[in-house]
Structures are given as structure tokens and as C-alpha cells.
Amino acid sequence: MQIQGITLREISMKLLTPFETSMDRLEVRRIILLEANADGVIGWGECVAAEAPFYSPEYADTAWPVLRDFLWPMVKGKRFDSACEIWGLLKRVRGHNMAKACLEAAVWDAEAKQKGIPLSKLLGGTREEIASGVSIGIKDSLDELVTTVKKELAAGYQRIKIKIKPGKDLEQVRRLRQEFPRIKLMVDANSAYTMADLPLLKQLEGFYLMMIEQPLGWDDLYSHIELQKRMETPICLDECVHTEEQARAAVELGACKIINIKMGRVGGHTIARGIHDICRQHDVPVWCGGMLETGIGRAHNIALATLPNFSLPGDVTASKRYWAEDIISPEVTVSPQGTIRVPAGPGIGFEPRLDLIEKLTVRKERLV
Ligand code: MG
């Protein structure tokens, strides 16, 4: 394979409802899309970098120049047999995993299309459908939270995750448990707490949560080890795991019992698969997180989540939860049982809607 050129675009998309976490409140997504021309076959990738450096140091305005000035020149003119080799070509750049993942994902899509097989199969996936859960942002009132959860359960979603932050935690969980004693429920703190909050985190143990996601510092593995020793509820790591080495350290040192794998955070499908395998060897289940993706990123997540150790419902949901109109056809839909059917067509298995993408584009650069 060889990549003859790439097109970078930034599109602007308004979320149907603002999404609030302990880090930020977001209304409009700025998303970088990348088209790679691999021997005449077009593959698509999406950069999940956020609008601001709050989730990770990387964000949209760092991803664009890193892709243009460093990553593309490292791939340009190179011959390779498989998308697996892209990670190695980009190694000289440290970090910038979301930019790397965007380029790498486009090559995976192109390779699967060249071979005429679904991306899920090329990655080694074994599932025909994946289990879908939702991530619910912080709400102004408890009643609004309950109404939202009711709506999502009625739509079929298999597990409910709520975002929490200090002051919007215990009461929210208590109320949800009163209303919905049996649902699969978990919380995500996006690093909003410290070990000084241990008494509060211990109180959460009374509500039989599936897991508490990333309670402590985004780069603080040590404190998560200390916390998991003191907690029965599984800790799930998200922000702390960017590499296979960090995943190995996390599971072997007992910093968590579950990992949320986001391929953008870890630099693409190759490393995501590597982390999946490490967790599988240690009997640590994983699930696929979300970054408010458009249909293109969503399609990549669906393919990744077909790997066997993605045994817990993830954050990959229907297009219509986030967008008035998604940029792929057909849109991603969720069955009344809370599952997403894995597409059987070649590559990501969804068609990018070029007319709509063009309309949403705010900047574009073609690199050859
Ligand atoms: Mg998270």
C-alpha cells in the first residue's frame, strides 16, 4: 500500500443538547476529518481531539498542524503492507495520539475496502452486534436527570453512565438508585476528585455501581492504585491510559479492574487492539468509550468494539442522540434491545455524505 495524498477538513457541528462534564460544557463540536487516498481507494478517519486542552493536552488546534507538518510527511511516499505499520512510521512524534489515530484509522478503512471486507473483520472482531450504553452529562436538576435516564432506558440502552463532579455526585446517584434499583449504573468523574475525597467515594459504594470511571488525576496512576486497594467497586481508567505500557502497569499494579479504550486516546486501532489483548490476558474487561464523534468516528468505534474482550456495554450510541443529521449514511441506530448491528459492507461500512460534509466544512487542506 501507499498513500498518494490526504485531505484534512475541519467541520463544525452543533450538538442537539449541550454536554456538560466536570471539565467543560460543550455546544458545538469542532471535528477534524481525514480522507486518505490509498492506491485510489479512499479511507476515512476522524480526530476526536476536543476544542480545548481540558480532557487531554492535545486538542483540535494542535492536531491539525501536527498532522500536516509532521505525521503526513512521515507516511508520504512510504510503502507498507498493512495499516498495522502506520504506528511505527509515526513513532518519532511523541504523544499526539489523537492526530495519529485519525491518520491511522483512515488507512485501516482504506485497507479493509481494498480487501473488500468489513473493518471489524480486518481488526479481528468476532461480534455481529455490540452492546450500547449511554453517557449522560451533568444536569441542572435531579428531576431532569431522572427524566433523561427514563428516556434512554425506554430507547433500549443497556447501561447508564452519568458524569459527576464535586457537589453533583452522591445525591444524583442516590436518586437514580431510588428510581431505578436494578439498572446497570456507573459514574464518570473525569478526574474531578483526589484521595482527600475518599470518604465520599466510599459512600458511593453503597449504590452497587458497575464501576467508577477515572475518579482521580488524569496522569496519576499511583493514587488510583491506592484507591482501588480501599474500594470494592471496580475503578475504570480512561484518561490515565495512553499506551500499552501504561495499560500493563495499570492492570498489574491494581490501579483498576476495567479499562475504557478509546482509540483516539491511545493512537489508533493497532494500540487499542494491543491494550485489549493485555487486558484480556489479565482477565480485565474493556469497553469502548466515546468522544462525541460524528458517524465516521462512531463507525470506527463499532468496528473496534467487536473484539472479544469488549465484554461490557460501551458509550457508542445512535447518531440521533447527538446530531440532528449525521454525516454518514445510513445513520447509526440502536435496537430496542440496546444493540448496534455491525455493518457487513467493506471498510467502516457506512457511506460518508460528501454533500453534507462539504456544507459543514470550515477549513480544508489537501496534501500530496
Ligand atoms: Mg471517561
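**Figure 1. The two domains of the predicted model.** The centres of domain 1 and domain 2, taken over C-alpha atoms, are separated by 23 Å in this predicted model. According to the domain assignment, domain 1 is made of residues 3-116 + 351-367 and domain 2 of residues 122-341. Contact between the two involves 40 residues of domain 1 and 44 residues of domain 2.

**Figure 2. The area buried between domain 1 and domain 2.** The size of an interface is often given as the accessible area lost when the parts come together. Here domain 1 and domain 2 bury about 3600 Å² between them. Carbon and sulfur atoms account for 66% of that area. On the side of domain 1, the residues that lose the most area to domain 2 are Phe19, Tyr55 and Trp108, together 19% of what that side buries.

Figure 3. The side of domain 1 that touches domain 2 draws at least two residues from each of strand S1 (3-20), strand S2 (25-38), strand S3 (41-47), helix H3 (97-115), strand S14 (351-352) and helix H13 (354-360). Of these, H3 gives the most, with 11 residues. The number of salt bridges between the two domains is two.

Figure 4. Three residues supply the protein donors of the magnesium ion: Asp188 (OD), Glu213 (OE) and Asp238 (OD). These donors lie 2.2 to 2.4 Å from the ion. Along the chain they follow the spacing D-x24-E-x24-D. Asp188 belongs to strand S7 (residues 184-188), while Asp238 sits in the loop between strand S9 (235-237) and helix H9 (244-252). The two are 50 residues apart, and the pair links distant parts of the chain. Both Asp188 and Asp238 are buried.

**Figure 5. The salt bridge of Lys163 and Asp188.** The side chains of Lys163 and Asp188 form a salt bridge, at 2.7 Å from N to O. Lys163 is buried because its relative accessible area is 9%, and Asp188 counts as buried at 0%. Lys163 and Asp188 are also part of a network of salt bridges that links Arg159, Lys161, Lys163, Asp188, Glu213 and Asp315.

**Figure 6. The salt bridge of Arg9 and Glu35.** The structure holds 31 salt bridges, and one of them joins the side chains of Arg9 and Glu35 at 3.3 Å, N to O. Arg9 is in strand S1 and Glu35 in strand S2, 26 residues apart, and the pair links distant parts of the chain. Arg9 counts as buried, with 4% relative accessibility. Glu35 is buried too, at 14%.

Figure 7. Glu226 and Arg230 form a salt bridge, and their closest N and O atoms are 3.2 Å apart. The two residues are four residues apart in helix H8 (residues 221-230), which means that about one helical turn separates them. Glu226 is buried, with a relative accessible area of 16%, whereas Arg230 is partly exposed, at 39%.

**Figure 8. The position of Arg92.** Arg92 is found in the loop between helix H2 (86-89) and H3. Its relative accessible area is 76%, so Arg92 is exposed. Arg92 and Thr17 are 75 residues apart in sequence. In space, 39 Å separate Arg92 and Thr17, C-alpha to C-alpha.

Methods
Residues are numbered from 1 along each chain as its sequence is written. This is a predicted model: local features need pLDDT of at least 70, side-chain atom pairs count only at pLDDT 80 or more; totals for chains, interfaces and linings use all residues. Side-chain values use heavy atoms; hydrogens and water are left out. Donors are N, O and S atoms within 2.8 Å of the metal (3.2 Å for Na, K and Ca); water is not among the atoms, so sites may look incomplete. Buried means under 20% relative accessible area, exposed over 50%, partly exposed in between (1.4 Å probe, protein chains only). Domain bounds come from an automatic or database domain assignment. Contact means heavy atoms within 4.5 Å. Buried area is the accessible area (1.4 Å probe) that two parts lose on being put together, summed over both. A salt bridge is a side-chain nitrogen of Lys or Arg within 4 Å of a carboxyl oxygen of Asp or Glu.
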